[in-house]
Amino acid sequence: MDERLKDLAPGDRAQIVGFTTSSHAYRERLLAMGLTRGTELALNKVAPFGDPVEVTVRGTNLSLRKNEAEVLVIRRLT
């Protein structure tokens, strides 16, 4: 079942399986950050009100705003 980053807890790992409908420029920005289909990520931290979240992607820590994180469709890895 496909999920969103908000469904993960710190320490969980997931794989990006796609993107929700968003503007082309916004999607290009996520792709430029290395958030491409098939890439694994790990959720490190979530701010107290859920914005931002910190993920590790390809060995780099990224902070994503809540609206950026919602664009990613992920699959939790066990």
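This report walks through the fold, the core, the strand pairs and the charged side chains of one predicted protein model.

## Ground rules

Because this is a predicted model, local features need pLDDT of at least 70 and side-chain atom pairs count only at pLDDT 80 or more, while totals for chains, interfaces and linings use all residues. Residues are numbered from 1 along each chain as its sequence is written, and side-chain values use heavy atoms, with hydrogens and water left out.

## The overall fold

Let's start with the big picture. The protein has 2 helices and 5 strands; here helices (H or I, at least four residues) and strands (E, at least two) are DSSP runs, numbered from the N terminus. Read from the N terminus, the elements go β-α-β-β-β-α-β. The radius of gyration is 11 Å, close to the 12 Å from the globule rule for 78 residues, so the protein is as compact as a globular protein of that length. That radius is taken over C-alpha atoms, and the rule is 2.2 Å times the number of residues to the power 0.38.

The C-alpha trace spans about 30 × 25 × 25 Å along its principal axes. Of the 78 residues, 35% are buried. Buried means under 20% relative accessible area, exposed means over 50%, and partly exposed is in between (1.4 Å probe, protein chains only). Now for contacts, meaning heavy atoms within 4.5 Å: among those between residues at least 6 apart in sequence, 59% join residues at least 24 apart.

## The nonpolar core

A nonpolar core is a set of buried Ala, Val, Leu, Ile, Met, Phe, Trp, Tyr and Cys residues joined through side-chain atoms within 4.5 Å. The largest one here has 19 residues, and Leu 5, Leu 35, Val 55 and Leu 72 touch the most other members. At least two core residues come from each of strand S1 (13-19), helix H1 (24-32), strand S2 (40-46), strand S3 (53-57), strand S4 (60-64), helix H2 (66-71) and strand S5 (72-77).

Take a closer look at Leu 5. Not counting residues up to four places away in sequence, Leu 5 touches Leu 41, Leu 43, Val 53, Val 55, Leu 64, Ala 69, Leu 72 and Ile 74.

## How strands pair up

Two strands pair if DSSP finds at least two bridges between them. S1 and S2 run antiparallel and are joined by 3 bridges; Arg 13 has Ala 42 in S2 as its bridge partner. S2 and S3 are antiparallel too, with 5 bridges joining them, and Val 46 stands opposite Val 53 in S3.

Now for the turns. The hairpin of S2 and S3 has 6 residues between the strands, and Gly 50 takes a positive phi near 85 degrees there. Arg 58, in the loop between S3 and S4, has a positive phi near 55 degrees despite being a residue other than glycine. Arg 58 is exposed, at 57% relative accessible area.

## Charges that meet

Side chains of opposite charge can pair when their charged atoms come close. A salt bridge is a side-chain nitrogen of Lys or Arg within 4 Å of a carboxyl oxygen of Asp or Glu, and the count here comes to 4. In one of them, Glu 3 meets Arg 76 at 2.9 Å, N to O. This pair links distant parts of the chain, with Glu 3 in the segment before S1 and Arg 76 in strand S5, 73 residues apart. Glu 3 counts as buried at 16% relative accessibility, whereas Arg 76 is partly exposed at 35%.

Arg 76 also forms a salt bridge with Asp 12 (2.9 Å, N to O). Asp 12 lies in the segment before S1, so this pair ties together parts that are 64 residues apart in sequence. Another salt bridge joins Arg 13 and Glu 40, with the closest N and O atoms 3.0 Å apart; Arg 13 is in strand S1 and Glu 40 in strand S2, 27 residues apart.

Leaving aside neighbours within four places in sequence, Glu 54 is in contact with Ala 42, Leu 43, Asn 44, Lys 45, Asn 61, Leu 62 and Ser 63.
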